[in-house]
Amino acid sequence: MGKTENLFNRRKFLVSSVLGATGVVAGATGIKSGMSSSIMPKNDKTNIIYRKLGKTGIKLPVISMGVMRADNPNIVKAALAKGMVHLDTANSYQQGRNEEMLGKVLKDYPRDSYVISTKVKPGGGNRKTGLYTDKTTEEDFLKKFDESMDRLGIEYVDILYHHAVSKREAALYEPVLNAMKKIKASGRAKHLGISTHKNEPEIIQAAIDSGVYEVVLTAYNFKQDHIPEMDKMLEKATKAGLGIVGMKNLAGGYLDKEKQKPVNAQAALKWALQNPNVHTLIPGFTNFEQLDDCAAVLTDIKMSSDEKEDLIAARSEQGMYCNACSACVPQCRKGLPVPELMRAYMYTYGYRELKKGQDLLVSLELPGDVCSHCDECTVSCVKNFSVAEKIKDVSRLLDVPAEFIA
Ligand code: SF4
Ligand code: SF4
């Protein structure tokens with residue numbers, strides 16, 4: 001989009017036109033609880049706004065819980081009590097401890113009181129190209145899914161995602177699709193999905209074309225430069241019957257490394273939900289204050305003028321969110337995977353998720369002194385990031401022993 005003054009005008013038009021055309025949302029903003037439902041978890045709360053997750057038959061509250069960084073079971077219990085019945089985790093989060101923690105919590109809840117999604121990242125992929133190799137096998141995917149199910153201790157997940165896909169070829173990679181189809185046929189995953197935070201429109205198109213994926217989990221936030229393209233693609237996906245889950249909605253959480261400028265979380269979540277083609281969001285809160293902030297949006301997605309102004313101001317700041325546009329990659333003398341390095345930076349300095357930042361760095365198999373012998377950076381970022389400086393900052397993590405990082 002590029003122009004902040006259009007950040008809201010176009011959305012207003014989009015919401016009203018889609019509301020009228022589809023009748024998907026009721027009232028001013030969305031489906032209220034109490035409507036007839038095919039699958040709606042039982043701990044429903046009055047006034048929570050629900051949306052249909054495509055053709056899956058699931059209705060979800062507009063705010064779900066991204067469990068990724070949470071390690072306190074009481075946060076999960078509190079989220080469920082507030083009506084955030086959809087919990088999102090992954091095989092790789094906290095090296096499996098995230099699923100284990102969830103499994104311990106969920107054994108005390110009836111299976112029809114929550115919706116759970118997990119993700120499996122196939123092994124053998126090339127982080128730099130985003131493509132799979134002959135080491136990426138059906139058996140490996142099935143084994144990882146088995147691990148996840150053992151940790152969760154449940155008979156089925158509602159959604160199983162193919163995790164972190166950035167290339168069409170990877171989205172349609174047959175061994176992975178075969179494994180996922182087998183899992184669905186066995187009843188251990190009710191629905192199949194794909195997650196993406198790079199080349200999202202390409203992956204969403206691949207999901208539509210596949211005839212296999214029913215849900216897309218995609219990065220979607222007010223800082224993205226390709227919002228118009230995303231909106232068109234999300235509309236297309238919704239028309240094709242896909243459910244859309246939004247992530248990275250807070251665009252890094254902070255606008256500065258020093259954490260003096262937090263993103264207005266409620267405003268950022270509400271902004272994403274102005275698009276009726278986005279069905280629920282998975283903010284990754286880790287404490288009760290953040291939980292309350294997110295929970296407020298469960299029943300109210302109308303944006304105040306102050307919230308709009310906050311986002312317009314935040315959009316004009318550089319912030320920490322890399323669009324993963326890859327425009328910089330051919331410019332780097334060493335051909336570094338700059339978007340991934342910027343994502344590691346955001347995990348480390350935005351989310352303060354050092355382990356995740358380090359894991360991503362290690363997976364890139366970079367030399368310790370990443371930009372060494374390169375005196376003048378030739379990269380010109382579309383967002384004016386000081387790429388070399390950020391790489392220098394974040395690559396220090398490569399020297400820290402893993403056991404020193406929580
Ligand atoms: S660092 Fe800048 S140019 Fe490179 S992918 Fe991110 S936003 Fe695009
Ligand atoms: S200084 Fe810039 S051009 Fe050189 S390796 Fe680092 S990112 Fe690439």
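Modeller: In this predicted model, helix 12 (residues 338-350) supplies the largest share of the shell around ligand 1, namely three residues.

Colleague: Which residues come nearest to ligand 1?

Modeller: Of the 15 residues around ligand 1, those that come nearest are Cys322, Cys325, Cys328, Pro339 and Cys381.

Colleague: And what is that shell like by class?

Modeller: The shell around ligand 1 has twelve nonpolar residues, two polar and one charged.

Colleague: What surrounds ligand 2?

Modeller: The residues around ligand 2 are Cys332, Arg333, Lys334, Leu336, Cys371, Cys374, Cys377, Thr378, Val379, Val387, Ala388 and Ile391. By class, nine are nonpolar, one is polar and two are charged.

Colleague: Now the sheet. How many strands form it, and in what order?

Modeller: Eight strands form an open sheet, ordered 4-5-6-9-10-11-12-13, with parallel pairing.

Colleague: Which strands stand at the edges?

Modeller: Those are strand 4 (65-66) and strand 13 (280-281). Each has a single partner strand, so one side of each is left without a neighbour in the sheet.

Colleague: How many bridges link strand 4 and strand 5?

Modeller: Strand 4 pairs with strand 5 (residues 86-88) over two bridges, in the parallel sense. Asp88 in strand 5 is the bridge partner of Gly66.

Colleague: Which strands does helix 7 touch?

Modeller: Helix 7 (residues 200-210) packs on the sheet and touches strand 10 (189-196) and strand 11 (215-219). The direction of helix 7 makes about 180 degrees with that of strand 11.

Definitions and conventions. Residues numbered from 1 in each chain as written. Chains lettered and ligands numbered in written order. Predicted model: local features only at pLDDT ≥ 70, side-chain atom pairs only at ≥ 80, totals over all residues. Near = placed C-beta within 6 Å. Nonpolar A, V, L, I, M, F, W, Y, C, P; charged D, E, K, R; others polar. Pairing = 2+ DSSP bridges. Helix = DSSP H or I, 4+ residues; strand = E, 2+ residues; numbered from the N terminus. Contact = placed C-beta atoms within 7 Å. Axes fitted to C-alpha atoms, helices over the stretch in contact; angles between N-to-C directions.
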